[in-house]
Amino acid sequence: MSDDLKYLRDRADLTDLINKYATGIDTRDWALYRSIFADEVEMDFSSYSGQPGSRMTGDAWAAGVQMMLPGFDATQHLFANMVFDIKGDEATVTVYMQAEHFLPNSLGDASHTLGGYYTHRVKRGADGWKIHATTLNVTWSRGNRHVYELARQRVAERAAAK
């Protein structure tokens, strides 16, 4: 395969990988979402949470996401302007993002939106490209930030009722 064709194939595969991030979350397909991460990941969402990034298993990361996002009535993660820096079996993918989180409530607006970009560090292994590290860079937000806590509470209440 020519270098140009290999580069285009890698870009297509990386685009599919990153799009699975949004699809997995928004459709609540947790197996799909988990499938895009390496067994060990470094996640830095400090620009959103104020908490420092940390290293954990891919299973722990996916399980943590499931403790909040299913509590929303809907979410929509949109990605655009992907920039690829591919060096052999490693790549950095920077992608603009906008994430809508919707949950009607009596404490204010029904939604909160985050805007900014993700920087994903990925590696290719025997089972294809996997995310090994992600940094979320929130550059703007609007709406009712309280909906995140309400979503966490809703998930906890559902689990307790089972």
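**View 1. Strand 1 pairs with strand 6 and with strand 2.** Strand 1 (37-44) and strand 6 (residues 128-143) run parallel, joined by 4 bridges. Here D44 stands opposite T135 of strand 6. Strand 1 also pairs with strand 2 (54-57). That pairing is antiparallel and again covers 4 bridges. In it, V41 faces M56 of strand 2. Two strands count as paired if DSSP finds at least two bridges between them. Strands (E, at least two residues) and helices (H or I, at least four) are DSSP runs, numbered from the N terminus.

The model is predicted: local features need pLDDT of at least 70, side-chain atom pairs count only at pLDDT 80 or more, and totals for chains, interfaces and linings use all residues. Residues are numbered from 1 along each chain as its sequence is written, and side-chain values use heavy atoms, with hydrogens and water left out.

**View 2. The largest nonpolar core.** This core holds 40 residues. L14, Y21, Y33, F37 and W61 have the most contacts inside it. Helix 1 (residues 3-26) gives the most to the core, with 6 residues. A nonpolar core is a set of buried Ala, Val, Leu, Ile, Met, Phe, Trp, Tyr and Cys residues joined through side-chain atoms within 4.5 Å. Buried means under 20% relative accessible area, exposed over 50%, and partly exposed in between (1.4 Å probe, protein chains only). In soluble globular proteins, nonpolar side chains tend to be buried together.

View 3. Contact means heavy atoms within 4.5 Å. D10 lies in helix 1. D10 is buried, at a relative accessible area of 4%.

**View 4. The buried face of helix 4.** Helix 4 (residues 58-65) has G58, W61, A62 and V65 as its buried residues. Seen down the helix axis, these fall within an arc of 95 degrees, so they line one face of helix 4. The arc is that of the directions from the helix axis to the C-beta atoms. The buried residues pack against helix 1, helix 2 (30-35), strand 1 and strand 2.

**View 5. Positive phi at R28 and N81.** R28 is not a glycine, yet its phi is positive, about 60 degrees. R28 sits in the loop between helix 1 and helix 2. R28 is partly exposed, with a relative accessible area of 22%. N81, also a residue other than glycine, has a positive phi near 50 degrees. N81 is in strand 3 (residues 74-87).
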